[in-house]
Amino acid sequence: MEPDNFNLAINYYQKALNLTTDKEQKARILFQMASAEQGKYYQYEAQQPGIPYDDKDWEKKQETSDANLAATKNQKYRTYFTQLKNGYADTETARHLMGSCSYFGYFMKRK
């Protein structure tokens, strides 16, 4: 098994999500899925080519690259955070996670 195989983890979490009917448990599982999905994003980001610092347009190209990465992250790698926000924001689990995970708290407050 390859290290950091986030798809494997997500598949196991998906099975657990399908088996439980408890809303609090589903919220916990979705948060774990979101964490694994975030790991997938960081793997994706690490594979993107860098811009040489001696490029005369480095700053502009870096800004464009950063904007593209942010758009990709929000469009393709926030599936489970979105499900958690839309379906489980009213759970005690979500409220606790917002206090203990600053990124999740930020995500829940934005539109």
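How many salt bridges does a search of the whole structure find? The search finds four, in what is a predicted model. The legends below describe close-up views of charged and aromatic side chains.

**Figure 1. The salt bridge between Lys 61 and Asp 55.** In this view, the side chains of Lys 61 and Asp 55 form a salt bridge with an N to O distance of 2.7 Å. Lys 61 has a relative accessible area of 39% and is therefore partly exposed. Asp 55 is also partly exposed, its relative accessible area being 22%.

**Figure 2. The salt bridge between Asp 57 and Lys 56.** Here the N to O distance between the side chains of Asp 57 and Lys 56 is 3.8 Å, and the two meet in a salt bridge. Lys 56 counts as exposed, with 78% relative accessibility. Asp 57, by contrast, is partly exposed at a relative accessible area of 35%.

Figure 3. Glu 92 and Arg 95 are joined by a salt bridge in which the closest N and O atoms lie 3.3 Å apart. Both residues belong to helix 5 (residues 92-100); because they are three residues apart, about one helical turn separates them. Arg 95 is partly exposed, at 42% relative accessibility.

**Figure 4. The aromatic pair of Tyr 41 and Tyr 77.** Seven aromatic pairs are present in the structure. One of them, formed by Tyr 41 and Tyr 77, is edge-to-face, with 5.5 Å from centre to centre and 65° between the planes. Tyr 41 is part of helix 2 (residues 23-46), whereas Tyr 77 occupies the loop between helix 3 (58-76) and helix 4 (79-88); the pair therefore ties together parts that are 36 residues apart in sequence. Both Tyr 41 and Tyr 77 are buried. Ring pairs also link these two residues with Tyr 42 and Tyr 44, giving a cluster of Tyr 41, Tyr 42, Tyr 44 and Tyr 77.

**Figure 5. The aromatic pair of Tyr 53 and Trp 58.** The ring centres of Tyr 53 and Trp 58 are 5.5 Å apart, and the pair is tilted because the planes stand at 40°. Tyr 53 is exposed, with 72% relative accessibility. Trp 58 is partly exposed, with 26% relative accessibility.

Figure 6. Lys 26 is located in helix 2. This residue is buried but has no salt bridge: Asp 22, the nearest side chain of opposite charge, is 9.3 Å away. The distance of 9.3 Å may be set against the cut-off of 4 Å between a side-chain nitrogen and a carboxyl oxygen that defines a salt bridge. The side chain of Lys 26 does reach a backbone oxygen, that of Thr 20, at 3.2 Å. Beyond its neighbours within four places in sequence, Lys 26 contacts Leu 17, Thr 20, Thr 21 and Tyr 88.

Figure 7. Although buried, Glu 37 has no salt bridge, and the nearest side chain of opposite charge is that of Arg 78, 5.5 Å away. A polar atom of the Glu 37 side chain is 2.9 Å from the backbone nitrogen of Thr 79. When residues up to four places away in sequence are not counted, Glu 37 touches Ile 10, Lys 76, Tyr 77, Arg 78, Thr 79 and Tyr 80. Tyr 77, listed among these contacts, is also the partner of Tyr 41 in the edge-to-face pair.

Figure 8. Lys 85 is positioned over the face of Phe 107, 5.5 Å from the ring centre. Arg 110 is in contact with Lys 85, as well as with Asn 74 and Tyr 103, when its neighbours within four places in sequence are left aside. Arg 110 belongs to the segment after helix 6 (102-109). With 27% relative accessibility, Arg 110 is partly exposed.

**Figure 9. The position of Asp 4.** Asp 4 is placed in the segment before helix 1 (6-19). At 53% relative accessibility, Asp 4 is exposed. From Asp 4 to Leu 97 the C-alpha to C-alpha distance is 23 Å, for 93 residues of separation in sequence. Between Arg 110 and Asp 4 the C-alpha to C-alpha distance is 29 Å, with 106 residues of separation in sequence.

Technical notes: Residues are numbered from 1 along each chain as its sequence is written. This is a predicted model: local features need pLDDT of at least 70, side-chain atom pairs count only at pLDDT 80 or more; totals for chains, interfaces and linings use all residues. Side-chain values use heavy atoms; hydrogens and water are left out. Rings of Phe, Tyr and Trp (its six-membered ring) pair if their centres lie within 6.5 Å; planes under 30 degrees apart count as stacked, over 60 as edge-to-face and the rest as tilted. Helices (H or I, at least four residues) and strands (E, at least two) are DSSP runs, numbered from the N terminus. Buried means under 20% relative accessible area, exposed over 50%, partly exposed in between (1.4 Å probe, protein chains only). A charge sits over a ring if NZ of Lys or CZ of Arg is within 6 Å of the ring centre and within 35 degrees of the ring normal. Lys and Arg count as positive and Asp and Glu as negative; His and the chain ends are not counted. A polar contact is a pair of N or O atoms within 3.5 Å; within protein, one must be able to donate a hydrogen and the other to accept it, and residues adjacent in sequence count only if both atoms are side-chain atoms. Contact means heavy atoms within 4.5 Å.
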